[in-house]
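Thanks, everyone, for making time this morning. I would like to walk you through one structure, slowly, and then take your comments.

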Amino acid sequence: MELFSQLAQGFDAALSLTNLGFCLLGVTLGTLVGVLPGIGPVATIAMLLPATYGQQPLSALIMLAGIYYGAQYGGSTSAILVNLPGESSSVVTCLDGHAMARRGRAGAALGIAALGSFFAGTVATLLIAALAEPLAELALQFGPAEYFSLMVLGLVAAVVLANGSLVKAIAMTVLGLLLGLIGTDVNSGTERYSFGIPELSDGFGFVVVSMGLFGIAEIIHNLEKGIQRNIFTTSVGGIWPTRADFKAAWKPVLRGTFLGSILGVLPGGGAILSSFAAYTIEKKLAKDPSRFGQGAIEGVAAPEAANNAGAQTSFIPLLTLGIPPNAVMALMVGAMMIHGIVPGPQVMTEKPDLFWGLIASMWIGNLMLVLLNLPLIGIWIRLLRVPYQILYPAILVFCCIGIYSVNQSTTEVAFAVGFGLLGYIFIKLRCEPAPLLLGFVLGPLMEENLRRAMLLARGDPTIFVTRGLSLALLLMALALLIILVLPSVRQTREIAFHED
Amino acid sequence: MISRHQPFRRDRLAGLIFAAFGISFAALAAHYPIGTSMRMGPGYFPMLLGVVLTGIGIVIAFSGGRYYDSPTDASDGTSPAPSQRWRPALLISASVLLFAVAIESVGLALATFGVVAVSSLANREAHWPHVLASGAVLSVISVGVFAYGLRLPFRVLPF
């Protein structure tokens, strides 16, 4: 079997002592930021991006990937114990996970979340390995029209996932696209919206925008809300779930894994959409839906499996098509570029060690996470007690250093303050910043492909619906919109975001 | 206290901000060559998006709060007096700007300390001995990790 020999090659690369070390570092950091509310994987990866200059490309990617899926594990811990989603993808876990904790069954909830995630991670890793090659071949048939439609699908998915009003999310996406166009136009060499500022001739840096919107703005918002003390007195109980728990949870874990794996592949999908969809389906399938929200173990098992599967399979579009499906993957593009790797279908053939090594490291990382999360749960619980007033100046310092270290530019640090204030205003106006960031990344790519497609079609816009693949992608975008306005999905979305 | 009209006003403001961005981007795009739909110039796509954004902004502003989200919102329940509300925004911004000024003139160690000190002013319950201690500890950590560990070419000390 070719697949297994390739995976073996990957394990060979990933199992070197250095790479194991970076994998452990990544998943530990990921768990850490996942547990701590107020700092997420986007900000963390953005901060550490400049620090990966000096490392081997594979080690750098292994560590950054570890942060992302590690955060999925960590996020569930704070969701279950203190009803605060450490990560946005753990929002639904709060509903039943915290209800279980209030009944003194926090241990079982944590246990099933970790084991379910591990199972899902294993399946998703195999899936990436199996799907990568056929998808990369499919990608070779992609023309500019298909790439454009794929990005439309991604943006629609981002809009659908946003917290609150759909129309505002669309506006945020469009604004993001526009901000992404700032800088030199590659086709004509015209500098757009740069106002003669040299730092703007390449546009705003991704780190500047993401740190401003997610780092600085969040801190301001949290401080304004007032610093809450999260004290929990419930005992955690036994970590190992009972036989009855396993019996109730194995089917939801399977369904969650399946759903998460599929939804993760969609651009704009990934962990958040997966966990929402999984929760909704479990509630639909349950004999007694009223148990949900009261501590149903299915309501923890399925979304946790789904968000981990989704986090892993969201690497598929990045690795095979070169398209970042979400903000974290956009940062991974940045990391690859730093090392001179252009993401896309050619990575697999030109750098097989890197490609398969990264995939193998994901499984290793998942194993490390189970070991980190179950026996060491006490450490993470203690971490939850670190007060925010000590935490936020530290986060702020790391943000500043992260932004400055990209280009040693103090002007960019000042720009980040601007985005911080903009982000804060948007939070106050209930406009979620995530779609803006995705639009910002996809803006130049989208324009490029739109121009090429229209040039090939001699100015005829019907090219997007007359080419089969492009039409299929656009229909998927439409279907996604329709599914998400269905009443039952909307309800979960509302309940979950209501907890805020 | 939350006024009953707040979500409505919030949407109006959000819509107007979006429309303002849209109009500005579109107006500036008019200075760049637009081109044709077959050969798009640098102004085409931004012009298109600017017009779309303006349209969406107007819809949000004038749809009469139809799209407003959850009417009850815990985070707004206890908003402090207006003079206090901008305190975190101002002080956090100031601390980051201070870092920008300080990093090249007095170096990483003092810049870090400055960020911790100024940003802690935003927390009214700050306990100053703790702030000074954590500022010192963070200075040591950031110099150790970033300047020596990762060998980033930062100025460390003022002399």
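Predicted model: local features only at pLDDT ≥ 70, side-chain atom pairs only at ≥ 80, totals over all residues.

Let me start with the interface, to which chain A contributes 65 residues and chain B contributes 61 residues. The area buried between chain A and chain B comes to about 6,000 Å², and carbon and sulfur atoms account for 76% of that area. If you look at the part that chain A buries against chain B, 11% of it is supplied by A:Y193, A:I401 and A:R430, which is more than any other three residues give.

As for polar interactions across the interface of chain A and chain B, there are 7 residue pairs in polar contact, counting pairs in which both residues are at pLDDT 80 or more, and the rule finds 1 salt bridge there. In a salt bridge with A:K168, B:D11 has its closest O and N atoms 2.8 Å apart from those of its partner.

Which elements of chain A each supply at least two residues of the side that touches chain B? They are the helices α8, α9, α18, α19 and α20, together with the strand β2, at residues 191–192. Of the elements in chain A, α18 gives the most to that side, with 11 residues.

Finally, the structure holds 10 salt bridges over all chains. One of them joins A:R467 to A:E146, with the closest N and O atoms 2.7 Å apart. This pair links distant parts of the chain, 321 residues apart, since A:R467 sits in the loop between α21 and α22 while A:E146 belongs to helix α7.

Methods:
Residues numbered from 1 in each chain as written. Chains lettered and ligands numbered in written order. Heavy atoms only, no water. Contact = heavy atoms within 4.5 Å. Buried area = accessible area lost by both parts, 1.4 Å probe. Salt bridge = Lys/Arg side-chain N within 4 Å of Asp/Glu carboxyl O. Polar contact = N/O pair within 3.5 Å; in protein donor to acceptor, adjacent residues only side chain to side chain. Helix = DSSP H or I, 4+ residues; strand = E, 2+ residues; numbered from the N terminus.
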